[in-house]
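Thanks for coming, everyone. Please have a look at the model on the screen, and then I'll take you through a few parts of it.

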Amino acid sequence: MELIEKYFPDLTESQRARFAALYDLYADWNAKINVVSRKDFDQLYLRHVLHSLAIAKVCRFDAGARILDVGCGGGFPSVPLAILFPEAYFTAADSIRKKITVVEGVSQSLGLTNLTPCCVRVETLPERYDYVVSRAVTAMPEFVDWIWSKIERGQRGTLPNGILYLKGGDLAEELARTGKHWDLYDIHAFFDEEFFETKKVVYTPKK
């Protein structure tokens, strides 16, 4: 929790309580359904919660904004972002049922009424969204093909609507193959910890 408060000092009491509850909730669920690697579970706040919140350092979502988390796994980045932006609406999508079971359990325990978990392939979703977020689900050209038509043009946050994707390593060739312009934000510019040295938020707007 100290990590979260270090970088997000203006949390409300409700947000602080929800972030504090994450460790025990995920420990309980992880014992039943392994969605967070056991070898780094002790680093849950650093490697999962804070990493997810790097998106909030790049773009803050407006009240009423609709955000789709593609391949959400156990709920990252959507669960931490839904806590931080209680007036925005999040859809956490994954095609693996057991992962969505965990997201359902965590969000119900936290009382996150602004988060809707869906067991679905995102290509089949009929809705459109203001932003799409994700964390290293697949190669970017394939990812863009899946979701580009799901993004509504406009601006419902501090950046125009688009994709905000958490990724690490050398991305130049992979991003070039999408045919789109990307802005890269070094997470290490926001968070001091060594874990973030090679990690980035990559962003492209829906024009």
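Let me start with a term: contact means heavy atoms within 4.5 Å. This is a predicted model, so local features need pLDDT of at least 70 and side-chain atom pairs count only at pLDDT 80 or more, while totals for chains, interfaces and linings use all residues. Residues are numbered from 1 along each chain as its sequence is written, and side-chain values use heavy atoms, with hydrogens and water left out.

First stop, V122. Setting aside neighbours within four places in sequence, V122 contacts V70, A93, W146, I147 and K150. V122 sits in the loop between β3 (115–119) and β4 (131–135). Strands here are DSSP runs of E, at least two residues, and helices are runs of H or I, at least four, numbered from the N terminus. Is V122 buried or exposed? Buried, at a relative accessible area of 5%. The cut-offs: buried is under 20%, exposed is over 50%, partly exposed is in between, with a 1.4 Å probe and protein chains only.

Next, the largest pocket. Its space is about 370 Å³. A pocket, on a 1 Å grid over the protein atoms alone, is an open set of points where a 1.4 Å probe fits, with protein on both sides within 12 Å along at least five of seven lines; lining residues have an atom within 4 Å of a point. The volume is the space filled by probe spheres set on the points, which are joined across faces, edges and corners. The lining has 23 residues, with G71, C72, G73, D94 and V137 nearest the centre.

Now the record. An unreviewed UniProt entry gives "binding site" at G71, F76, V122, E123 and R135. From this set, the pocket lining takes in G71, F76, V122, E123 and R135. Bear in mind that such annotations may be inferred rather than shown by experiment.

G71 is in the loop between β1 and α4. G71 is partly exposed, at 26% relative accessible area. Beyond four places in sequence, G71 contacts A93, D94 and V137.

P77 is in the loop between β1 (66–70) and α4 (78–84). The peptide bond from F76 to P77 is cis, with omega near 15°. Most peptide bonds are trans.

Last stop, K167, in strand β5 (residues 162–168). K167 is buried, at 13%. Its side chain makes a polar contact of 3.3 Å with the side chain of E174. That term means a pair of N or O atoms within 3.5 Å; within protein, one must be able to donate a hydrogen and the other to accept it, and residues adjacent in sequence count only if both atoms are side-chain atoms.
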